[in-house]
Amino acid sequence: MSIHKIALPQTILVGPGAINNVNNICNDLKMRGKLIILTGPHVKEVAGEHVYKILNDNNMESELYVLDGKNPIYDVENISERIKASNNVSCIFGVGGGKIIDIAKLISLKVGVPYISIPTAASHDGIASPIASIKAFNGKYKPSIMVNPPLAVIADSNIIIKAPYKLLASGCGDIIAKFTAIRDWRLAKKRVNEYYGEYAASLALMSASLIVKHAKKIRALKEESVRTVVEALISCGVAMCIAGSSRPCSGSEHLFSHALDIVAKKPALHGEQCGVGTIIMMYLHGGNWQRIKRTLSIIGAPTNAKELGVEENEIIEAIIKAKEIRKDRYTILNEKSLGWREAENIASTTGIIKE
């Protein structure tokens with residue numbers, strides 16, 4: 001068995017008003033030097049500028065950058081160079097959605113400075129994961145890479161609950177995906193003797209099971225249910241830290257989502273696509289795909305091509321293409337020979353496209 005290092009966030013703070021403790025966390029972590037805050041134009045007023053003000057009011061030197069996210073690769077290179085030139089930066093704050101947090105992760109990796117994750121929406125499990133993926137110039141995602149986990153995670157439920165509901169539903173789709181990700185991981189252990197971590201797998205499955213259990217409360221947008229989603233997303237990130245890879249949280253359903261990013265003219269949200277991908281891949285595994293679909297429907301997440309806003313032929317193309325996305329990752333797709341007719345039948349049987 002191979003050896004891998006397990007690195008975890010030092011501090012995780014979740015709940016209403018959590019963001020107001022950002023200065024206390026900086027003091028607890030003994031931060032010295034300049035602090036770089038990255039945020040987006042839509043969340044700067046509700047979160048980014050608030051963090052900046054708290055830090056400056058407490059005499060902590062900080063700089064605020066508002067990134068539009070249109071060219072994340074440029075943002076990573078540009079801010080990395082500024083940090084290197086400054087030579088006294090002690091931490092980077094990613095305050096926003098998945099795109100901003102991923103930019104913070106990659107800058108952290110390039111310059112060797114830790115980062116803190118402050119999500120403003122619960123749209124996917126990148127909140128606490130050691131994985132980063134950003135879009136290239138052509139709008140398609142570059143391959144995910146391993147990075148360091150955040151030094152801390154500050155998830156303010158008062159902010160997250162005010163984000164558009166579809167972002168929360170997307171996060172639920174990303175968590176539901178763990179049902180098939182773990183089946184794929186177990187299959188890889190059986191077929192190619194890949195490392196399989198029971199604890200990391202159990203943590204991911206527990207998160208997915210909680211979403212099924214609390215589906216109706218999530219749809220009602222109860223504060224405690226929103227907190228459950230946030231904590232489940234963080235737990236999924238921790239599961240990846242423990243596993244040393246994205247295996248407990250990303251399988252064939254994620255390959256389908258990445259394939260759809262490539263073939264669709266207007267891809268949906270990542271978690272939304274992963275949810276639909278989970279229906280498909282659970283069908284291929286011979287599992288209870290109906291339960292997956294029913295749970296997503298209760299939550300209000302997409303369960304078919306029309307609700308995703310993609311063409312039916314794009315769904316079929318993505319099912320066929322998914323196997324080619326990561327040839328190093330053994331999944332249920334390696335055991336199936338899927339041409340157009342087979343993929344169309346799967347999508348039709350599960351109701352993702354019309355018969």
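## Salt bridges

The structure holds 14 salt bridges, a salt bridge being a side-chain nitrogen of Lys or Arg within 4 Å of a carboxyl oxygen of Asp or Glu. The model is a predicted one, in which local features need pLDDT of at least 70 and side-chain atom pairs count only at pLDDT 80 or more, while totals for chains, interfaces and linings use all residues. Residues are numbered from 1 along each chain as its sequence is written, and side-chain values use heavy atoms, with hydrogens and water left out.

One of the salt bridges joins Glu81 to Lys84, with 4.0 Å between the closest N and O atoms. Both residues belong to helix α3 (residues 72-86), where they stand 3 residues apart, about one turn of the helix. Helices (H or I, at least four residues) and strands (E, at least two) are DSSP runs, numbered from the N terminus. Glu81 counts as partly exposed because its relative accessibility is 46%; Lys84 is likewise partly exposed, at 44%. In these terms, buried means under 20% relative accessible area, exposed means over 50%, and partly exposed lies in between (1.4 Å probe, protein chains only).

Asp328 and Arg326 meet through their side chains in a salt bridge of 3.0 Å, N to O. Asp328 counts as exposed because its relative accessibility is 58%, whereas Arg326, at 30%, counts as partly exposed.

## Positive charge on the surface

Arg183, Arg186, Arg291 and Arg294 gather on the surface in a patch of positive charge. The elements that give two or more residues to this positive patch are α7 and α13 (289-299). Patches are made of residues with over 30% relative accessible area and no salt bridge; like charges are joined within 9 Å, and nonpolar side chains (Val, Leu, Ile, Met, Phe, Trp, Tyr) within 5 Å. Lys and Arg count as positive and Asp and Glu as negative, while His and the chain ends are not counted. The place of a charge is taken as NZ of Lys, CZ of Arg, CG of Asp or CD of Glu. Accessible areas come from the Shrake-Rupley method with a 1.4 Å probe, and for residues only the protein chains shown count as cover.

Arg186 counts as partly exposed because its relative accessibility is 41%.

## Aromatic pairs

The structure holds 3 aromatic pairs. One of them is formed by Trp185 and Tyr195, which are edge-to-face, with 6.2 Å centre to centre and 70° between the planes. Trp185 lies in helix α7 and Tyr195 in the loop between α7 and α8 (198-213), 10 residues apart, and the pair links these distant parts of the chain. Trp185 is buried, with a relative accessible area of 0%, whereas Tyr195 is partly exposed at 28% relative accessibility. Rings of Phe, Tyr and Trp (its six-membered ring) pair if their centres lie within 6.5 Å; planes under 30 degrees apart count as stacked, over 60 as edge-to-face and the rest as tilted. Trp185, Tyr195 and Tyr196 form one aromatic cluster.

Tyr283 and Trp289 form an aromatic pair that is also edge-to-face, with 6.3 Å between the centres and 70° between the planes. Tyr283 is partly exposed, with a relative accessible area of 27%, whereas Trp289 counts as buried at 14% relative accessibility.

## Distances along the chain and in space

Thr180 lies in helix α7 and is buried, with a relative accessible area of 0%. Thr180 and Tyr283 are 103 residues apart in sequence, while their C-alpha atoms are 9.7 Å apart in space.

Ile346 lies in helix α16 and is buried, with a relative accessible area of 4%. The C-alpha atoms of Ile346 and Leu29 are separated by 51 Å, and the two residues are 317 residues apart along the chain.
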